[in-house]
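Here are my comments on the model you passed along. Have it open next to the text as you read.

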Amino acid sequence: MCVLYFGIEAFGAMDEDSMDIQSNKIKSIRFAAITAVVGNGILAVLNVVAGILSNSNALIANGVDSFSDVSIGIMTFVVVRIISKPADQNHPWGHKRAETVATAFLAFLLFFMGAQLIINAASALISGEQELMSSGLAMGIAGVSIAGKLLLAYSQYRLGKRADSAMIKANAKNMTSDVLVSVGVLVGLVISTVTGAAHADSIIAILIGVWIIKTAVGIFMEVNLELMDGNNDIAPYRIIVEAVNAVDGASNVHRARIRRIAGLWDIVFDIDVDPNCTVLEAHNIALAVEDEIKQRLENVFDIMIHVEPQGDDADETFGLSENIIDGKD
């Protein structure tokens, strides 16, 4: 069987539009990192200092959570430097997968931070020696944290959407959780002040730790799909089928595989052409299919099309076929 391969980019190189997208993405990620580091740094210091002065475990936990966000922001700077490197001999697909790896690291960091908060708060609760002081200061800082985290979450969400960055989107979810965390801290402080039951503060701190762990698990489950080259979105596959069917001479999408590389689509699939067509004709059909896909699907990193003579795909055992994509099998 004669096998022909055609791709829009060689060794992970990107066309001009993709390079512009990548440049804008890096700028957005860098600005998101600066915002996260500065904003969370201020909130972290305020919460920890106020937590120490008021003897509030929940407020200290809120500050530690913000310090973890500062670490995430610093890590983002490192990732930006890595993903902006061009493809090389050892990394022919480029370095963009570093963002996915960093997002997984973020999930593990959040998990262990949450676990540590639970352990510390549970120890204080069991000892029963906690006594809340300076509750007015503590509640004021909790209110400032709520406002600050709302602004940070909104900015991270907008920047993550603009850059289509899994890492920034994950951080936006983390900061959205932080808003609820700060609300919980304020509620716990109010309860402790009104009832005189200081243990409510430790209970809130434990709940904060549980919430952080839940967020970490959710982030990891999402990024794990990309690390495993998986994709649970059928829509891009349908776009490929529509694009192929729109080109004269191309048919029967099969062995279709799509994966994400830091927000960009890496696409591989087979099509059938007339076995009597020339190599040049098959090449032009493949180019037409590529153009159709790029017009219908944004953020394409690479397309590789395997052209086969019609009727010679009986032994295909992996990837998605057109019947599966259309829900017929």
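The points below go from the whole chain to single residues.

1. First, the ground rules. This is a predicted model, where local features need pLDDT of at least 70 and side-chain atom pairs count only at pLDDT 80 or more, while totals for chains, interfaces and linings use all residues. Residue numbers start from 1 along each chain as its sequence is written, and side-chain values use heavy atoms, with hydrogens and water left out.

2. Overall layout. The protein chain has nine helices and four strands, taken as DSSP runs numbered from the N terminus (helices H or I, at least four residues; strands E, at least two). Along the sequence they come in the order β-α-α-α-α-α-α-α-β-β-α-β-α.

3. Of the 329 residues, 47% count as buried (under 20% relative accessible area; exposed is over 50%, partly exposed in between, with a 1.4 Å probe and protein chains only). Among contacts (heavy atoms within 4.5 Å) between residues at least 6 apart in sequence, 77% join residues at least 24 apart. The chain exposes about 15800 Å², with carbon and sulfur atoms supplying 62% of that; areas are from the Shrake-Rupley method with a 1.4 Å probe, and for residues only the protein chains shown count as cover.

4. The surface patch. I34, V38, I42, L46 and V144 make up a nonpolar patch with about 390 Å² of accessible area together. Helix α1 (residues 16–54) gives the largest share, four residues. V38 lies in that helix and is partly exposed because its relative accessibility is 48%. An α-helix has 3.6 residues a turn, so residues three or four places apart point the same way.

5. Helix α7 (residues 235–245). Buried here are P236, Y237, I239, I240, V241, A243 and V244. What do the buried residues of α7 pack against? Their partners are β2, β3 (264–273), α8 and α9 (322–325).

6. H254 sits in β2 (residues 251–261) and counts as buried because its relative accessible area is 4%. Its side chain reaches the backbone oxygen of N252 at 2.7 Å. N252, also placed in β2, has a positive phi of about 55 degrees without being a glycine. N299, in the loop between α8 (279–296) and β4 (300–309), is another non-glycine with positive phi, near 60 degrees.

Terms used: Patch = residues over 30% accessible without salt bridge, like charges linked within 9 Å, V, L, I, M, F, W, Y side chains within 5 Å. Salt bridge = Lys/Arg side-chain N within 4 Å of Asp/Glu carboxyl O. Polar contact = N/O pair within 3.5 Å; in protein donor to acceptor, adjacent residues only side chain to side chain.
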